[in-house]
Amino acid sequence: LALALVEHCHAACVNILADCTSIYRWRGSIEETTEVPLLIKTTASAYPDLEKEIRAHHPYALPEILSVPVGGGLPAYLAWVAEQSTRS
């Protein structure tokens, strides 16, 4: 998934974090599973296509997809994210 997001210019970079244990309620039962969180760097304008790509390839019926707005950052890095998250 991470590779596809970068290859299709939906994201500039994807960090694949360490496995974690998630405990949650799903369809009336408490579930416990191992998951691999991803930090995906993209732009607000690229987000809709990014979300579609995740939903199309994620094994969960309801994947955890959260958009966290960026209030600032190194201008050159933010420009790189914007450049890499745009289809040519």
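Me: Which residues make up the largest nonpolar core?
Reply: In soluble globular proteins, nonpolar side chains tend to be buried together. Here the largest nonpolar core has six residues, A2, L5, A11, V14, L50 and I54, where a nonpolar core is a set of buried Ala, Val, Leu, Ile, Met, Phe, Trp, Tyr and Cys residues joined through side-chain atoms within 4.5 Å, and buried means under 20% relative accessible area, exposed over 50% and partly exposed in between, with a 1.4 Å probe and protein chains only. Helix 1 (2–7) and helix 2 (47–57) each supply at least two residues of this core; helices are DSSP runs of H or I of at least four residues, numbered from the N terminus.
The model is predicted, so local features need pLDDT of at least 70 and side-chain atom pairs count only at pLDDT 80 or more, while totals for chains, interfaces and linings use all residues. Residues are numbered from 1 along each chain as its sequence is written, and side-chain values use heavy atoms, with hydrogens and water left out.

Me: How many aromatic pairs are found in the whole structure?
Reply: A pair of aromatic rings is described by the distance of the centres and the angle of the planes. The search finds one pair, formed by Y77 and W80, which is tilted at 5.5 Å centre to centre and 40° between the planes; rings of Phe, Tyr and Trp (its six-membered ring) pair if their centres lie within 6.5 Å, and planes under 30 degrees apart count as stacked, over 60 as edge-to-face and the rest as tilted. Because Y77 and W80 are three residues apart in helix 3 (residues 75–84), about one helical turn separates them.
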